[in-house]
Amino acid sequence: QVQLMESGGGSVQTGGSLRLACAASGATITETACMTWFRQAPQKAREGVGAIYTGGGRPYYADRLRGRFAVSHDNGTNTVHLQMNNLKPEDTATYYCAVIFQDCIPGLWRSQGRYDYWGQGTQVTVSS
């Protein structure tokens, strides 16, 4: 069993930054995995934000977030981070991390049904 715990959410003004963290723990966490951030705004569908393979390689991003958001992974702590810069009110959402124990696949990393484990989410609110 794997547990994912997100942290770092909060309230910021437009143009501000936040750094989210997703700490993974559990018996199988030594395996490499695709760790992905999703978000869900009120009354909207959940969407993929960015993903990274813990075995190495470039991250993947939603096209419209590329350049403002950055995903990174700390092997030592098995934590994935989401650095969010120049935040906008439309970034307001609950942010979730999810894990699947395989490589991130271009075009498929956004497919929510493929993921084995999910965190509880952390709220991000951006005010204008």
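Colleague: Is Cys104 buried or exposed?
Modeller: Cys104 counts as buried, because its relative accessibility is 4%. Buried stands for under 20% relative accessible area, exposed for over 50%, and partly exposed for the range in between, computed with a 1.4 Å probe on protein chains only. This is a predicted model, in which local features need pLDDT of at least 70 and side-chain atom pairs count only at pLDDT 80 or more, while totals for chains, interfaces and linings use all residues. Residues are numbered from 1 along each chain as its sequence is written, and side-chain values use heavy atoms, leaving out hydrogens and water.

Colleague: Which residue forms a disulfide with Cys104?
Modeller: The partner is Cys34, with the two sulfur atoms 2.1 Å apart. A disulfide is assigned when a pair of cysteine sulfur atoms lies within 2.5 Å. The link of Cys34 and Cys104 is right-handed, with 105 degrees about the S-S bond. Cys34 sits in strand β4 and Cys104 in the loop between β9 and β10, so the bond ties together parts that are 70 residues apart in sequence. Strands (E, at least two residues) and helices (H or I, at least four) are DSSP runs, numbered from the N terminus. Cys34 is also buried, at 1% relative accessibility.

Colleague: How many disulfides are there in the whole structure?
Modeller: The search finds 2 disulfides. In the other case, Cys22 is joined to Cys97 at an S to S distance of 1.9 Å. Cys22 belongs to strand β3 and Cys97 to strand β9, 75 residues apart, and the pair links distant parts of the chain.

Colleague: Why is the link of Cys22 and Cys97 called right-handed?
Modeller: The torsion about its S-S bond is about 55 degrees, and the disulfide is therefore right-handed. Cys22 is buried, with a relative accessible area of 0%, and Cys97 is buried with 1%. Counting bonded cysteines along the chain, the disulfides follow the pattern 1-3, 2-4.

Colleague: Turning to charged residues, how many salt bridges does the structure hold?
Modeller: There are 5 salt bridges. The criterion is a side-chain nitrogen of Lys or Arg within 4 Å of a carboxyl oxygen of Asp or Glu. One of them pairs Glu47 with Arg39 (2.6 Å, N to O). Glu47 is partly exposed, at 24% relative accessibility, whereas Arg39 is buried, at 2%. Asp63 and Arg66 form another, at 3.3 Å, N to O. Asp63 is exposed with a relative accessible area of 60%, and Arg66 is partly exposed at 46% relative accessibility.

Colleague: With which residue does Asp91 form a salt bridge?
Modeller: Asp91 pairs with Arg68, the closest N and O atoms being 2.8 Å apart. This pair links distant parts of the chain, 23 residues apart: Asp91 is in the loop between β8 (79-84) and β9 (93-100), and Arg68 in the loop between β6 (60-61) and β7 (69-74). Asp91 is buried, with a relative accessible area of 0%, and Arg68 is buried at 13% relative accessibility. Through shared partners, salt bridges join Arg39, Glu47, Arg64, Arg68 and Asp91 into one network.

Colleague: What else surrounds Asp91?
Modeller: Apart from neighbours within four places in sequence, Asp91 is in contact (heavy atoms within 4.5 Å) with Arg39, Leu65, Arg68, Phe69, Asn86, Val124 and Val126.

Colleague: Which residues have the most contacts inside the largest nonpolar core?
Modeller: They are Leu4, Trp37, Phe69, Leu82, Met84 and Tyr95, in a core of 29 residues. Strands β1 (2-7), β3 (18-26), β4 (34-40), β5 (47-53), β7, β8, β9 and β11 (122-127) each supply at least two residues of this core. A nonpolar core is a set of buried Ala, Val, Leu, Ile, Met, Phe, Trp, Tyr and Cys residues joined through side-chain atoms within 4.5 Å. Leaving aside neighbours within four places in sequence, Leu82 is in contact with residues including Leu18, Trp37, Phe69 and Tyr95. Another core, of 9 residues, lies apart from the largest one; among its members are Phe38, Ala51, Ile100 and Trp109.

Colleague: And where does Phe101 lie?
Modeller: Phe101 is in the loop between β9 and β10 (117-118). Phe101 counts as partly exposed, at 23% relative accessibility. Between Phe101 and Val71 there are 18 Å in space, C-alpha to C-alpha, and the two are 30 residues apart in sequence.
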